[in-house]
Amino acid sequence: MKRPRVVPLLLPLASLGAGLAVLAVFFSVLGYDPVLALGAMVRGAFGSWYAFASGTLVRAIPLMLIALGFTVGLRAGVLNIGGEGQFYAGAVAAAWIGLKLGAWPGFAATTAVLAVAVVAGACWVAVPAWLRLRFGVLEVISTLLLNFVAEALVSYMVQGPLQESQHIYPQSDQLPLAARMPVFPGTRLHLGILLALSCSMIAWYVFRRTMTGFELRAVGRGPRAARVTGGLRVQRLGAMALLVSGALAGLAGGTEVSGVSYALYPNLSPGYGFTAIAVALLARQSPMGIVLSAILFGALEAGAGAMQRDAGVPAVAVYVAEAVTIIAVLLADALSSRRRDMVTA
Amino acid sequence: MTGAPILQLRDIHKRFGTVQALTGAGLIARAGEVHALLGENGAGKSTLMHVASGMVAPDTGEILIDGAPRRLRSPRDARAAGIGMVHQHFTSIPALTVAENIALFAGWAVRPRELAVRVTALAERLNLPLDPVARAGTLPVALLQRLEIVKALAADARVLLLDEPTGVLAPAEADELLARARAFAQSGGAVVLITHKLDEALRGADRVTVLRRGRVVLEQAVVGLGSRELTQAMLGDATLVDEPAPAAHASDDAPRRVHVAGLEVARESGLGMAVRQVSLGIRAGEIVAVAGIEGSGQRELLRAIAGVLPVFRGTREVTQPLAFVPEDRTTEGLIPELSVTENVVLGLGRPASWVKRGRLDWKAARQRTAEMLSEFEVRSAGPEAPAASLSGGNQQKLIIARALERAPAVIVAENPTRGLDVQATRAVHDRLRDAAGRGVAVLLYSSDLDEVMMLGQRIAVMARGTLSEAPAHASRAEIGALMLAGRAG
């Protein structure tokens, strides 16, 4: 039973079309010119190489990494919706270590910064992982709640231990040059894009070609069969997936600090951790799909700024398109699985 | 004593997706009659009964109640029309009492005090005594089933549909159930007994309808019928009578593959012991079949030996590799959404030849899977087809093929042919016997006593967590007595 290869792409694109159509209707109802608004959005996201690289792709990097993490978890049957918190944990750790490494050579310092961010993200999710293993606490709840703790931690850090040296603003000092990732000439696009793309490729490879990837998938799809027939340690593999998931979100926080903001702020993330869930859902668990879907959402967010500037439409309106797109994807999935059930019943 | 037809199903057609489940099937249930509905798995028995009980709407066809056409849009409609269905799987809510379960099902909205009186009166009238205040979850299986029957009859049913009612019962309990069904018919009701056991149909019914591939192939009085005719009707021309077990041929000096002593295993719920002080040895080439009423500890015993459940106390020595064939094919044996190949990869794990240093060679796995499918005559759309698309029999053949692919020293199988038709059952039995012939130690349990007697070279009986070995050539009655040992009521 082979499905044609175009179908997996068709559905998300159709959903996106529906999302944008609803957005256009929304604009008309509110009295904005939909052509002008959407045109400004497209120009802002794709209008020039600079706009595409510095706007769309820069935003796509954290989305890609966190969405990959979410997908790794989902495939193994764990729902990590704490990407936002793990992102902040990574960002705090990256800023903290980055500020101390001014004397290191550039490559070593950035590597150390990113490595620490990865570890911090994994540690942040280690608590939910342990609670799940030991007491069966639902990771959906514990990862979500730790988001608030992470935000509070950032607030504390930028007003306490990591506050800039003049103690006026709630932010950290700027990272030394050694701890910053290089950018592509003439843009603000940093090397994190290569990291995110390689992570997608590795995830694709692991799930497609390795026994570990298959085992994670089996644990997610049929935990009882995985235990009884496959002899797998279901809980342990789930916890492992959760750690990887957190590590990727932590890495996203690290690249954001080391590649974009160069400092720690309270509102470093415009909700990347949550938008990334939408990115992952649109990509329907495919690592390569996540690359496209993250760029798309990056474009929506980048375009939203341009739209506000050029057409006077509030940028948050873009969330309407995002939400409609996701609902359309989920609905199509639910409908097609119901049809399958009826056939096999 | 036969009266007017109460329920008639005429020329029923029903299609599910690509599967034509019923092609002009029908059934007539007359007052005063016990009617057996026979057929292989997938013959359409359940679909026909679902039509009769209002759960499935037929594509075309007529349903007549007392000679008048009637549309049954829901189980509620069917109940109002006097049709009571007892499902194979119990539908009582364990946390509620007997009386509450009955009230819930029959839609009685009454005060608790009145309810107890009404339930007691009902059970007495039906001559099916039950304690109205006992919680359903505490009832033994036979009483749970009695509760199902009382529920079905509570709404004054005149037609009782019993779906494989004896599967979970001990032989004596099954006889009792058939007697109750007879009594209900004699009081003017009609009983439809769905079964795949020929002797039950011959013993318990007045008339029999045999379905094959969605059509009625035989409909006549039982008198003068024998199991040969029924088998022929069910199977068509294929004659498939399973060979009885050969005498134990495993020699006494064959190496011991399984050895447990003083084994204790906790219940899966964690409350109390399911297996108490069990000792058992199995040599290479032996088939040991375990009989027991459900819940007697056989499941836990086999799972502990297979290493799926932890041993609480005692010694367990099992030669590896061991292959485990779980009873629940679609939640434990297979992952239905995954492909056949993926399920083979799952079952063989990391030692498989297609795993090299953690890397998975899907092409090699697919190739080997395709070979296994043809060697074991598993009918499927190929190695890439989802396991869910296979029929139950082919799923089980796949599981057995996969188990043998490990070149096991020991096979542990739970109810290896539950829900399979005669041909698939035969295929599974042949594979298990072949394996034993090649020196595999086989341990299985079955809720079908015939299967135990057919397959087992040694027969052991679990009763209340203890194991006793039946003497060689023990009769059904002797084994049945052992199954009930130490059991109240």
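Begin by selecting domain 1 and domain 3 of chain B, whose C-alpha centres lie 39 Å apart. The bounds, which come from an automatic or database domain assignment, divide chain B into domain 1 (5-235), domain 2 (240-320 + 409-489) and domain 3 (342-405). This is a predicted model, in which local features need pLDDT of at least 70 and side-chain atom pairs count only at pLDDT 80 or more, while totals for chains, interfaces and linings use all residues. Residues are numbered from 1 along each chain as its sequence is written, and chains are lettered from A and ligands numbered from 1 in the order in which they are written.

Colour chain B by pLDDT, the predictor's confidence in each residue on a scale from 0 to 100. The mean for chain B is 86, and 93% of its residues reach 70 or more. For the complex, the predictor gives an ipTM of 0.87 and a pTM of 0.76.

**The six-stranded sheet of chain B**

Next, select the open sheet with the strand order β15-β18-β19-β13-β20-β21 (chain B), in which the pairing is mixed. Strands (E, at least two residues) and helices (H or I, at least four) are DSSP runs numbered from the N terminus, and two strands pair if DSSP finds at least two bridges between them. At the edges are β15 (322-325) and β21 (466-469) of chain B, each pairing on one side only. From one strand to the next, the twist averages 20°.

Within this sheet, show β13 (residues 287-291) and β19 (residues 441-445) of chain B, which pair in the parallel sense over four bridges. V288(B) has L443(B) in β19(B) as its bridge partner.

Which order do the strands of the open three-stranded sheet of chain B follow? The order is β12-β11-β14 (chain B), with antiparallel pairing. Because β12 (273-283) and β14 of chain B each have a single partner strand, one side of each is left without a neighbour in the sheet. Five bridges join β11 (residues 256-266) of chain B to β14(B); among the residues of β14(B), R313(B) is the bridge partner of E264(B). Helix α9(B) packs on this sheet, touching β11, β12 and β14 of chain B, and its direction makes about 125° with that of β11(B).

**Backbone details**

Zoom to the peptide bond from Q320(B) to P321(B), which is cis, with omega near -5°. P321(B) lies in the loop between β14 (313-318) and β15 of chain B.

In chain A, centre on Y262(A), where phi is near 55°, in the loop between α10 (234-261) and α11 (272-283) of chain A. Most residues other than glycine have a negative phi. Y262(A) counts as partly exposed because it has 19 C-beta neighbours inside 10 Å; a residue is buried with 20 or more other C-beta atoms within 10 Å of its own, exposed with 12 or fewer, and partly exposed in between, C-beta atoms being placed from the backbone.

**The interface**

Finally, select the 20 residues of chain A in contact with 27 residues of chain B, contact requiring C-beta atoms, placed from the backbone, within 7 Å. On the side of chain A that touches chain B, the largest share, five residues, comes from α8(A).

Note on methods:
Axes fitted to C-alpha atoms, helices over the stretch in contact; angles between N-to-C directions. Contact = placed C-beta atoms within 7 Å.
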